[in-house]
Amino acid sequence: MMKYLLVEDERFAYEEIKRMMQALRADYQMIGWAESVEQAVGFLKQGNIDLMIVDIRLSDGISFEIFEQCPIEIPVIFTTAYDEYALKAFKVNSIDYLLKPIDEKEMKFSYFFFFIGKNTDKMVN
């Protein structure tokens, strides 16, 4: 079972992204909701995460601080109202950068990028 971590400090955005993911892939398990850099780092240290969906600006800082504390190799979908972080996001394993409000079609495309990346070995072999 695929497991994802949702990092979002706004309750409404959290509820919307969670709803979209449940509609898109009900078989995926959200292992946690982090509202801050500190909480996200705590989840990452526990491991066993296949995908992260991450807001850029959090209650205690910028989400890039998460990756400075815990380098990762898992794919990240960034969600934000700010476009100025796009270049930096793609240096941190980003597979997509969605501007809020997030359109469900855009989330589907992001999932598609994730799915293709996870199954590349199966398609090649």
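These notebook entries record what I looked up in one predicted protein model.

**Entry 1: Ground rules**

I worked with a predicted model, in which local features need pLDDT of at least 70 and side-chain atom pairs count only at pLDDT 80 or more, while totals for chains, interfaces and linings use all residues. Residues are numbered from 1 along each chain as its sequence is written, and side-chain values use heavy atoms, with hydrogens and water left out.

**Entry 2: The sheet**

I began with the strands and helices, which are DSSP runs numbered from the N terminus (helices: H or I, at least four residues; strands: E, at least two). Two strands count as paired if DSSP finds at least two bridges between them. In general, strands of a sheet pair through backbone hydrogen bonds, either parallel or antiparallel.

In what order do the five strands of the open sheet stand? I read the order as S2-S1-S3-S6-S7, with parallel pairing. Strand S2 (29-34) and strand S7 (94-99) are at the edges; each has a single partner strand, so one side of each lacks a neighbour in the sheet. From one strand to the next, the twist averages 15°. For such angles, axes are lines fitted to C-alpha atoms, for helices over the stretch in contact, and the angles run from 0 to 180 degrees between N-to-C directions.

S1 (residues 3-7) and S3 (residues 51-55) run parallel and are joined by four bridges. Tyr4 stands opposite Leu51 in S3.

**Entry 3: Helices on the sheet**

Here I looked for contact, meaning heavy atoms within 4.5 Å. Helix H1 (residues 11-24) packs on the sheet and touches S1, S2, S3 and strand S6 (76-80). The direction of H1 makes about 160° with that of S1. Helix H2 (residues 37-46) also packs on the sheet, where H2 touches S1, S2 and S3. The direction of H2 makes about 145° with that of S2.

**Entry 4: Nonpolar cores**

In soluble globular proteins, nonpolar side chains tend to be buried together. I took a nonpolar core to be a set of buried Ala, Val, Leu, Ile, Met, Phe, Trp, Tyr and Cys residues joined through side-chain atoms within 4.5 Å. Buried means under 20% relative accessible area, exposed means over 50%, and partly exposed lies in between (1.4 Å probe, protein chains only).

How many residues does the largest nonpolar core have? I found 25, and among those with the most contacts inside this core are Val7, Leu44, Met52 and Phe78. S1, H2, S3, helix H3 (64-69) and S6 each supply at least two of its residues. H2 gives the most, with five residues.

Not counting residues up to four places away in sequence, Met52 touches Leu5, Val7, Leu44, Phe67, Ile72, Ile74, Pro75, Val76 and Ile77. A second, separate core has 15 residues, including Tyr4, Leu51, Leu98 and Phe114.

**Entry 5: Backbone details in loops**

The peptide bond from Lys100 to Pro101 is cis, with omega near 0°. I located Pro101 in the loop between S7 and helix H5 (104-118).

I also noted two positive phi values in residues other than glycine. Asn48 has a phi near 65° and lies in the loop between H2 and S3. Asn48 is exposed, at 54% relative accessibility. Asn93 has a phi of about 60° and is found in the loop between helix H4 (86-89) and S7. Asn93 is partly exposed, at 32%.

**Entry 6: Salt bridges**

Side chains of opposite charge can pair when their charged atoms come close. A salt bridge is a side-chain nitrogen of Lys or Arg within 4 Å of a carboxyl oxygen of Asp or Glu. My search of the whole structure found seven.

Which side chain meets that of Glu16 in a salt bridge? The partner is Arg19, at 3.0 Å, N to O. Glu16 and Arg19 are three residues apart in helix H1, so about one helical turn separates them. Arg19 is partly exposed, at 34%.

The side chain of Arg19 also meets that of Glu104 in a salt bridge (3.0 Å, N to O). Because Arg19 lies in helix H1 and Glu104 in helix H5, the pair ties together parts that are 85 residues apart in sequence. Glu104 is partly exposed, at 37% relative accessibility.

Asp27 and Arg25 form another salt bridge, with the closest N and O atoms 2.6 Å apart.
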